[in-house]
Amino acid sequence: MEAIAFYVLAVLAVASAIVVIVHRNPVMSALALAVNLVTIAGFYLVLRAQFVALLQVIVYAGAILVLIVFVIMLLNLREELKARSPGTFQKWLGPILALVFAVVLGRAMLAHAAPSFPAPVPGFGTAAALGIDLFSRFYYPFEVVSLLLVVAMVGAVLLAKRRL
Amino acid sequence: MADFDLVLVLPATALAAFALLTLLFAPLFRGQGRALGGVGLLGIAVSAAATARLWPAAGAGARIATAGGMVRVDAFGLFFTLVLLAIGALTVVASFRFLEREQADHGEFYALVLLALAGMVVMVQTTHLLMVLVGLEVFSLALYVLTGLTRGRARSVESALKYFLLGAFSSGFFVYGLALLYGAAGSLDLVRIGAAAASDPSPMLWIGAGLVLVGLAFKIGVVPFHHWIPDVYQGAPTNVAAFMATATKTAAFAVLLRFLVGAFGPSHEAWAPLVTWLSILTMTVANLVALAQTNVKRLLAYSSVGHAGYLMIALVCRPEDGVRAILFYLVSYAFMTLGAFLCAAAVGRGDARSEPGYDLGSWAGLGWRRKGLGVAMSLFLFSLAGIPPTAGFLGKYVIFQSAMRSHEYLLAVVGVLNAVVAAGYYLRVVVAIWMREPETEEEPYPVPVSLAAVLVAAAAGVLVLGLVPGPLLDLLGRLAAGLV
Amino acid sequence: MEPRLVLAVSAVLFTLGVLGVLLRRGAITILMSVELMLNAANLAFIAFSRQAGTAEGQIYVFFVMTLAAAEAAVGLAIVIALFRLKGTTDVDEVSLLKW
Amino acid sequence: MTVSDLVFDVIVSLVKIGAVIAVLFTVVSIMTWVERRLSGLIQFRWGPNRVGPLGLFQPIADGVKFLMKEEIVPAEAHKPAYVLAPAMALVPALCAFAVIPFGPTVEAFGRKVPFAIVDIDGGILFAFAASSLGVFAIITAGWASRNKYALMGGLRSSAQMISYELALALSVIGVLLVSGTLRPMAIVERQAGWFWNWNAFAGGWQILGFLVFMIAGFAETNRAPFDLPEAESELVAGYHTEYSSMKFAMFFMSEYINMTTSAAMAVTLFLGGWQLGFPVPFSGWPLWALQVAAFWAKVGALLLFFVWVRWTLPRFRYDHLMNLGWKGLFPLSLANVMLTAVLAALGWVRR
């Protein structure tokens with residue numbers, strides 16, 4: 001059951017990611033990204049991290065991506081006219097290096113992977129488990145991260161508001 | 001939250017609180033940014049007082065962990081906090097009039113500077129990479145915005161976009177590196193990561209560490225990742241460029257020291273060759289390209305990349321020498337670079353389209369018309385070039401000395417050669433200031449009092465560190481122990 | 001289902017994200033590629049978290065999500081500001097960005 | 001888990017899914033009739049009264065009409081996105097309902113069966129996650145139509161939905177605070193007993209939250225007085241200007257389903273869900289039946305309220321709408337969170 005779900009998700013995730021980076025039309029890229037984000041949430045579910053899966057959909061798909069799509073439409077961006085202007089690095093060297101990197105990265109990560117996942121601890125991935133950890137060990141970063149949101153808010157207003 | 005102690009986290013908290021106060025007052029003081037700058041300055045003062053209060057305990061060598069192990073109060077972090085606060089205070093004061101001239105007198109500027117400082121303080125006072133990530137992002141986001149602060153000027157916004165896109169790209173690497181480190185070490189605490197690196201160094205751990213280093217190298221501007229620096233420093237408002245060039249590098253080097261020399265110190269052999277070559281590459285490329293620059297801001301940008309190269313020399317050296325050298329160099333670098341950029345700010349005039357005044361030509365003969373400014377700029381340039389009796393000379397001396405002591409002869413030789421090359425382009429500016437005829441009849445800007453005060457302070461710093469470096473060097477020698 | 005498969009997917013997604021940044025010209029598409037990279041990291045975090053059986057990795061994901069949201073907000077604001085000035089978000093049309 | 005358990009689970013789930021979908025579509029068709037009859041009543045008109053007694057068969061006639069009409073795809077439209085959009089609207093709308101408990105957890109065939117399609121830990125979040133995906137349909141539809149009115153409608157709508165989603169989500173935090181759980185079934189179970197134990201009343205003192213939730217709910221479902229995305233006078237029909245026949249019907253249905261879902265959410269969170277609100281002397285299946293009926297009765301009452309409001313209040317102006325969302329509802333719901341936290345800390349809330 002889980003294995004099937006996993007393979008389907010894997011194919012969907014990779015395929016949608018490819019569409020994101022190759023499709024000329026930003027709106028289609030964004031919609032492909034939406035699919036990608038939801039499949040990632042699917043992965044989280046299969047990995048029993050339910051709470052994070054729900055957050056993924058709400059925050060990423062429901063907020064970040066909507067914002068991106070909103071801006072694309074606001075600016076009425078059309079398709080990119082031609083492929084990236086041919087710098088040799090971008091066009092050839094970049095992808096080759098990326099491939100090499102992917103192979104090295106993949107090998108290192110696979111070498112480190114356990115043969116199978118242990119049985120999930122009771123309560124793994126629930127809101128309660130996360131909440132307890134978040135507010136007992138990670139409360140300080142939690143507070144500091146609010147500064148990040150303040151900066152983002154002030155910055156967005158400062159840069160994008162029509163009249164200050 | 002049994003282990004939470006507000007006093008211990010007050011340096012960052014005070015900054016954040018005053019940033020919010022500034023925002024709160026911003027609508028009341030529309031068009032009078034200076035008032036808000038005062039609030040900001042007060043915040044920096046409070047934070048500095050809080051830091052100073054912690055100093056006696058930490059200075060004696062105590063290393064206090066608080067907030068669930070997320071905050072580490074030690075002399076190393078407190079020292080960096082003080083340096084950052086000093087940079088912040090100088091920037092704030094220098095910006096009073098400058099922003100008015102640039103027609104970007106938004107009170108939010110001061111809030112963002114304070115928030116950026118808070119992020120940096122969080123970043124230097126921790127040994128947990130999650131906090132590093134959060135702090136890094138706080139100040140990066142603030143700087144993206146500050147770069148585009150003069151949003152009517154295409155260059156400013158374009159450079160903000162460039163900074164943002166490359167910054168986001170690099171933070172992608174950083175985050176992925178964290179994921180790998182977490183997978184390999186089971187934690188993001190540098191102590192645990194260091195232990196894992198010593199006991200069971202898997203390839204994943206190395207790749208993770210490498211990706212984290214890419215993220216940091218980007219912030220510092222090490223050569224393959226330095227692309228953004230000239231454009232962004234040139235496009236950003238000059239006071240922001242001054243802040244970026246000094247504070248970012250200082251904060252990032254604090255983390256780099258904790259990460260490389262602290263956590264990965266035992267595996268020195270593994271990363272030393274890489275850092276060595278990156279250092280050589282950084283110095284050489286930056287200084288050679290800088291020779292061809294005619295825009296003062298761009299020239300200073302390449303110079304700041306070159307200085308990152310010098311700093312990296314000391315990274316490879318034995319920690320007992322190297323750390324002290326880096327800390328001393330960072331302090332003197334902060335004074336001279338801040339001073340040089342702010343001199344440029346006093347001369348340059350940015351309007352909607354272009355930025356006249358940053359071109360070398362408009363500096364011709366400036367020294368005779370604005371003597372104080374000419375002397376100050378010359379002093380900072382001499383210091384950047386490493387000419388005695390300035391701080392820059394001593395900084396370079398300490399670095400090359402530590403390289404010799406650690407038998408890093410190649411680095412020392414390349415470093416000295418680079419210093420000679422670099423002196424060429426610094427002196428070119430000095431020559432222009434004093435020995436060339438003015439190209440325009442246009443009267444240069446008067447130097448506002450606040451800016452002049454900052455320049456005097458920075459110049460005093462450069463001279464004092466150059467003439468009596470002993471006390472600081474002694475103090476710094478004690479900070480090298482116990483990075484993680 | 002094995003951990004190696006999850007990690008392999010994560011590595012592939014990350015590489016695709018990097019490629020996207022290198023190959024695309026639209027500022028927003030580049031931003032989306034960065035989101036791919038962050039998501040790949042999150043997937044790795046969750047996989048390692050499951051492997052370790054603790055909530056720590058999931059908490060990191062929580063922070064990365066916040067970071068992504070804040071980054072997107074600022075980035076899009078810059079894009080809008082630039083569009084107002086130049087009428088384009090194409091990276092190649094922006095003189096500073098011909099990297 | 002044995003095979004028989006699995007089979008049982010699958011069958012029960014399928015039955016529940018089928019039942020819920022059937023009920024939802026019935027509610028939608030009834031609502032189309034109710035809406036028009038009620039609006040007629042409010043405006044001293046008759047409303048549909050030709051097809052069948054009192055016009056009761058009107059929904060069927062409408063359905064047939066939708067099926068028979070010609071499908072038109074604008075030549076300039078982005079075809080895949082244009083075709084996908086209606087489905088993207090309908091699917092999340094249906095999904096969101098999956099976590100809403102419409103009855104108690106009962107014993108059947110020796111097993112516990114909850115009267116909800118799924119009874120999961122993060123149910124409330126699931127509902128939000130599903131409804132937050134609905135925005136994409138509207139954006140996509142507006143963009144794919146290549147029509148300026150549609151695009152404007154899509155933009156407005158997405159801005160509106162993002163803005164009000166904040167207030168909506170925040171207004172729920174109070175309930176979560178007093179309930180201490182994200183599981184809808186547990187939230188409802190906590191509101192047992194007399195109706196004053198409901199969260200909107202003495203059960204949680206969430207009357208402010210309820211108010212914000214309802215107003216934001218109107219905006220989230222693009223219903224009047226917040227139906228700007230489809231303001232006929234300025235935007236023709238907003239994002240679905242270019243849609244016709246079945247595709248239009250899907251948008252239409254998803255709007256009504258969303259309305260039903262938000263009513264059901266309000267009932268679950270604030271009005272005691274399937275709780276009767278008064279003690280009854282019997283138990284067993286008569287009680288369950290009564291409780292299911294009570295749930296739908298409450299939902300029905302709120303739906304009538306939705307319709308009533310639509311035909312009573314004039315439409316907001318766009319900037320007023322945004323102001324209300326950001327400067328009115330958002331601070332209110334924040335205040336509600338703080339208030340609730342204080343009440344909870346003082347121990348004045350029944351836990």
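Trainee: R48(A): buried, exposed or partly exposed?
Mentor: R48(A) counts as partly exposed, since its relative accessibility is 34%. Under 20% relative accessible area is buried, over 50% is exposed, and partly exposed is in between, with a 1.4 Å probe and protein chains only.

Trainee: What are the ground rules here?
Mentor: This is a predicted model, where local features need pLDDT of at least 70, side-chain atom pairs count only at pLDDT 80 or more, and totals for chains, interfaces and linings use all residues. Residues are numbered from 1 along each chain as its sequence is written, chains are lettered from A and ligands numbered from 1 in the order in which they are written, and side-chain values use heavy atoms, with hydrogens and water left out.

Trainee: Back to R48(A). Where does it lie?
Mentor: In chain A, in the loop between α2 (26–46) and α3 (50–74). Helices are DSSP runs of H or I with at least four residues, strands are runs of E with at least two, and both are numbered from the N terminus.

Trainee: What about H407(B), what is its phi?
Mentor: About 60°, positive again in a residue that is not a glycine. H407(B) sits in the loop between α16 and α17 (409–435) of chain B. Its relative accessible area is 56%, so H407(B) is exposed.

Trainee: Which residues does the cis peptide bond join?
Mentor: P388(B) and P389(B), with omega at about 5°. P389(B) belongs to the loop between α15 (371–385) and α16 (391–405) of chain B.

Trainee: Now Y310(B). Buried or exposed?
Mentor: Buried, because its relative accessible area is 2%. Y310(B) is part of helix α12 (residues 296–316) of chain B.

Trainee: What does Y310(B) touch, leaving out residues up to four places away in sequence?
Mentor: Its partners include M283(B), N287(B), Y329(B), K396(B) and I399(B). G415(B), N418(B), A419(B) and A422(B) are also among them. A contact means heavy atoms within 4.5 Å.

Trainee: How far is Y310(B) from V416(B)?
Mentor: In sequence, 106 residues; in space, 9.5 Å from C-alpha to C-alpha.

Trainee: Switching to whole chains. How many helices and strands does chain A have?
Mentor: 6 helices and 0 strands. Its radius of gyration is 20 Å, well over the 15 Å from the globule rule for 164 residues, so chain A is more spread out than a compact globule. The radius is taken over C-alpha atoms, and the rule is 2.2 Å times the number of residues to the power 0.38.

Trainee: What does the C-alpha trace of chain A span?
Mentor: About 50 × 45 × 25 Å along the principal axes. Of its 164 residues, 52% count as buried.

Trainee: And chain D, how many helices and strands?
Mentor: 11 helices and 2 strands. The order is α-α-α-β-β-α-α-α-α-α-α-α-α. With a radius of gyration of 21 Å, close to the 20 Å that the globule rule gives for 351 residues, chain D is as compact as a globular protein of that length.

Trainee: What box do the C-alpha atoms of chain D fill?
Mentor: Roughly 60 × 50 × 45 Å, taken along the principal axes. Buried residues make up 52% of chain D. Of its contacts with a separation of 6 or more, 77% come from residues 24 or more positions apart.

Trainee: Last one. What should helix α3 of chain C span?
Mentor: 45 Å for its 31 residues (56–86) at 1.5 Å a residue, and its end C-alpha atoms are 45 Å apart, so the two agree. The expected span is 1.5 Å times one less than the number of residues. α3(C) is mostly covered, with 24 of its 31 residues buried. G87(C) follows α3(C), and its phi is positive, near 70°.
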